[in-house]
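This report describes the fold of one protein chain for a reader who is new to structural analysis. Please keep the sequence and the structure in view while reading.

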Amino acid sequence: MTGKYPALAGIHAVKNEADGHVWTIGEILRELDNVRSLLREKGLEPASIGSVVFNPRLTRSCGRTRRKNGVYSMDFSVAYFQHAAPDSIRNTIAHETIHTVPGCFNHGKKFQQVARMLDADGYDVSTRDYDEAYTAYREQKREAKPVFYILCPNCGKKMDKYVRLSPTLKAIIQDKQERFYCPACMSSGLQVIKRMPDGTETALKSV
Ligand SMILES: [Zn+2]
Ligand SMILES: [Zn+2]
C-alpha cells in the first residue's frame, strides 16, 4: 500500500476540464499502487510513499516528489489536473512513482530506462514536465495577464512596462509619493496604468 496521507490536506478532488473526470486523492493512490505493482513485477523496488496531496500553489511543475529521511511525499498541481489531457495525468502519476525507485530520483539514465519499461503497459512517461494541453493553458493564462506602465498625466509621457505590480509601481500608487517623478516635466503626480490584453486601461492611482 502507498500508506497514509494527511486527512486535513485541504483539496481532496480536482475536476479535469477536458473529460469532466474528478480525480480524488484516493484514485491517485490507486493509480500509484498500480504503477508500483507493475514496477515490482519488473523486479524493481519502489519505496513506500508517506503522503500525497493536491497543491494549489504548484504551477511550474505537474507533480513533485520529495524525499525526507527516506520517506517520499508527493504533491500534484491542481491547475495541471484541471487542464492537462487525461492521459497525461496517468503518465504524470507514473512519472512521480518512478522517482521513488532507487537510483531514479533525478531524470538520469536509470529513470529513463524504467520509464521505457512502462511503455508496454500503456504509459508514455517522459522526463519533461508538461503536456501540450497544460502548456497551452499556461500560455493562454500568461497572455491574459495585464501589463502595467507609468503615465505622467501632466505631460502625457508613458514610461516603462511591467508584467506585475513591482515595488516601484506600488510606491508610485501611494498617495502623495515624492520618490518618483516624470523625467520630462518633473511632476511626481504619476499614475500607474493597468492595461488588459483587450486594451482596457485602468488607472491604479488618481491624482
Ligand atoms: Zn520528475
Ligand atoms: Zn511629465
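What share of the contacts in the protein chain with a separation of 6 or more comes from residues 24 or more positions apart? Such residues account for 56% of these contacts, where two residues are in contact if their C-beta atoms, placed from the backbone, lie within 7 Å.

**Basis of the model**

The structure is a predicted model, in which local features need a pLDDT of at least 70 and side-chain atom pairs count only at pLDDT 80 or more, while totals for chains, interfaces and linings use all residues. Residues are numbered from 1 along each chain as its sequence is written, and chains are lettered from A and ligands numbered from 1 in the order in which they are written.

The pLDDT is the predictor's confidence in each residue, from 0 to 100. The protein chain averages 88 on this scale, and 93% of the residues score at least 70. Over residues 1-8, however, the pLDDT is below 50, and this stretch has 16 contacts in the model beyond near neighbours in sequence. Confidence is highest in helix 1 (residues 25-41), with a mean of 97, and lowest in helix 5 (residues 132-143), with a mean of 79.

**Overall form**

The protein chain contains six helices and nine strands. Helices (H or I, at least four residues) and strands (E, at least two) are DSSP runs, numbered from the N terminus. The radius of gyration, taken over C-alpha atoms, is compared here with a globule rule of 2.2 Å times the number of residues to the power 0.38. The protein chain has a radius of gyration of 24 Å, well over the 17 Å that the rule gives for 207 residues, so the chain is more spread out than a compact globule. Along the principal axes, its C-alpha atoms fill a box of roughly 75 × 35 × 35 Å.

The chain is divided into domain 1 (13-140) and domain 2 (147-203); such bounds come from an automatic or database domain assignment. The C-alpha centres of the two domains lie 44 Å apart.

**Burial and the nonpolar cores**

A residue is buried if 20 or more other C-beta atoms lie within 10 Å of its own, exposed if 12 or fewer, and partly exposed in between, with C-beta atoms placed from the backbone. Buried residues make up 26% of the 207 residues in the protein chain.

In soluble globular proteins, nonpolar side chains tend to be buried together. A nonpolar core is a set of buried Ala, Val, Leu, Ile, Met, Phe, Trp, Tyr and Cys residues joined through C-beta atoms within 7 Å. The largest such core has 28 residues, of which I28, F81, A84, I93, A94, I98 and V125 touch the most other members. At least two residues of this core come from each of helix 1, strand 3 (49-55), strand 5 (71-77), helix 2 (78-83), helix 3 and helix 4 (109-117). Helix 1 gives the most to this core, with five residues. I28 touches W23, V52, F76 and I93, leaving aside residues up to four places away in sequence. Another core, of seven residues, lies apart from the largest one and includes I150, L169, L190 and V192.

Which residues of helix 3 are buried? They are S88, I89, N91, T92, I93, A94, H95, E96, T97 and I98. Because ten of its 13 residues are buried, helix 3 is largely enclosed by the rest of the structure. Helix 5, by contrast, is hardly covered, with one buried residue among its twelve. The expected span of a helix is 1.5 Å times one less than its number of residues.

| Helix | Residues in helix | First to last C-alpha | Expected span |
|---|---|---|---|
| Helix 3 | 13 residues | 19 Å | 18 Å |
| Helix 5 | twelve residues | 16 Å | 16 Å |

**Individual residues**

N69 lies in the loop between strand 4 (63-68) and strand 5. Although N69 is not a glycine, its phi is positive, at about 50°. N69 is exposed because 5 other C-beta atoms lie within 10 Å.

M186 also has a positive phi, of about 65°, without being a glycine. M186 is placed in the loop between helix 6 (167-173) and strand 8 (191-195).

D124 is found in the loop between helix 4 and helix 5. The C-alpha atoms of D124 and N91 are separated by 6.0 Å, although the two residues are 33 residues apart along the chain.
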